[in-house]
Every structure is written in structure tokens, then in C-alpha cells.
Amino acid sequence: MGNLYVFDHPLIQHKLSYIRDKNTGTKEFRELVDEVAMLMAYEITRNMPLEEIEVETPVTKCKSKVISGKKVGLVPILRAGIGMVDGVLKLIPAAKVGHVGLYRDPDTLQPIEYYLKLPSDVTEREFIVIDPMLATGGSAVAALTALKKRGARHIKLMCLVSAPQGIEKVQEEHPDVDIYVAAVDEGLNDHGYIVPGLGDAGDRLFGTK
């Protein structure tokens, strides 16, 4: 079973409070999401493997450590996931970015894939699928399935806020995927929105209704 990691770092929790606030405007909301994504990326990369190299300081030569060439791919779920990508790239600038687009079928309510573009070396990368919201889990499961069909073997899921239902669904369908969130909320309302949540992340990021 994939592990669930809930980030309780004070800076993440502080900024998340303002992300939740309905009075936070688009510009500030976007900046806060970017900052929290960067802080979450710092935590997610904690166990990246290191290798030793020799460097020459202004004083002498010494042994030092660098990340051991692990290739990372970021895959935001369109459209809201885009709002978290830049924050992660600030810490992992060499990461390549793919995209997955999903919409919900109005009759079956099942997510339908309409767009997918990934780096060519899928099997060699560790992917982080990014979406601010993990509500019912339908979109996350569909995105993870789409990546695995294309050959991805190492995938993590990164979300701002989550509902227990979404976490459970991802763990059932993709037990090998670790889930990283800033908060686990109470649950879902009748419209499938996370409660208390933060509203529609895409609308709040891009100023749409």
C-alpha cells in the first residue's frame, strides 16, 4: 500500500489558511499556491539518492554530495495542476513537464482523457502527478492509470487538500503510489466539493467562474 504523507510544516499550514480564505484574491492565491508547492517539493524530494563527487572550494578540494542523476517528470492535471508546477520547478529546474487533460462525462460522471503529453523517456523518470484537489479521486486515478499505460513505473501524487474518499480510492486503485498532501479535510458535499476545502482551485487560480 502506498504511503500517505500529510505535511504539517508551520509555513505550509500558515499559507494554506490564506489559500482557503474566500477573501484571498487571484493574484495572492496564485502566489500562495506557488509557495506551498515549492515547500511541498522540498519535503517530497527528501529521500532522493545522493552520490559523492569531488569539488574544489576556494580553500581546498573536498568530497561533497549531489543528487545522483535521478530524472524527474512533473505531470499537472489540467487545468488547476498548472498552478503548482512553477513552485516545484524552482527546486527541481531540470525536471521535464508533461500534461494530462481530463473531463467528466456528464452521463457516467467518469473522467475521460482528452490530452496527454509526456517526456519521451517515460520508463526512466520518477513522476510527480500534481493536482491541488484530491476530492473523489476519479481524476487522480485516471491520470495515474494513463501514465502507467505509457510505461511509467515510479509515480507520486501531490495535492494541496484532500478528502478521505479520494485518498481511499487512489490507495485502492493504485496501491503502489505514495500520496503527499498538505491537509486531509472532513469529506465531500453533495456536489463532490471538498469540505471545508478551498472552492474551485482552477477558478481561483485563473480568475474564472
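I began at Gly 199, which comes out partly exposed, with a relative accessible area of 32%. A reminder to myself: this is a predicted model.

I then looked up where Gly 199 sits, and found it in the loop between β13 and α6 (201–206). Setting aside neighbours within four places in sequence, I see Gly 199 in contact with Met 133 and Tyr 193.

Next I checked the record. An unreviewed UniProt entry gives a "binding site" at Ile 194, Gly 199, Asp 200 and Ala 201. I compared that with the largest pocket, and its lining includes Ile 194, Gly 199, Asp 200 and Ala 201.

Ile 194 was my next stop, in strand β13 (residues 194–195). Its relative accessibility is 5%, so I noted Ile 194 as buried. Beyond four places in sequence, I found that Ile 194 touches residues including Met 133, Leu 134, Ala 135, Val 161 and Asp 185.

I went back to UniProt for another "binding site" annotation, also from an unreviewed entry, which covers residues including Arg 79, Arg 104, Pro 132, Gly 137, Ser 139 and Asp 200. From this set, the lining of the largest pocket takes in Arg 79, Arg 104, Gly 137, Ser 139 and Asp 200, among others.

Two of these I looked up individually. Gly 137 lies in the loop between β9 (133–134) and α4 (138–149). I noted Gly 137 as buried because its relative accessible area is 3%. Outside its sequence neighbours within four places, Gly 137 contacts Gly 166, Lys 169 and Val 170.

Ser 139 belongs to helix α4. I have Ser 139 down as partly exposed, at 29% relative accessible area. Leaving out residues up to four places away in sequence, Ser 139 touches Ile 77, Leu 102 and Pro 111.

Note on methods. Residues are numbered from 1 along each chain as its sequence is written. This is a predicted model: local features need pLDDT of at least 70, side-chain atom pairs count only at pLDDT 80 or more; totals for chains, interfaces and linings use all residues. Side-chain values use heavy atoms; hydrogens and water are left out. UniProt positions are given in the numbering used here, feature names are shortened, and annotations may be inferred rather than shown by experiment. On a 1 Å grid over the protein atoms alone, a cavity is a set of points where a 1.4 Å probe fits but cannot get out, and a pocket is an open set with protein on both sides within 12 Å along at least five of seven lines; lining residues have an atom within 4 Å of a point. Helices (H or I, at least four residues) and strands (E, at least two) are DSSP runs, numbered from the N terminus. Buried means under 20% relative accessible area, exposed over 50%, partly exposed in between (1.4 Å probe, protein chains only). Contact means heavy atoms within 4.5 Å.
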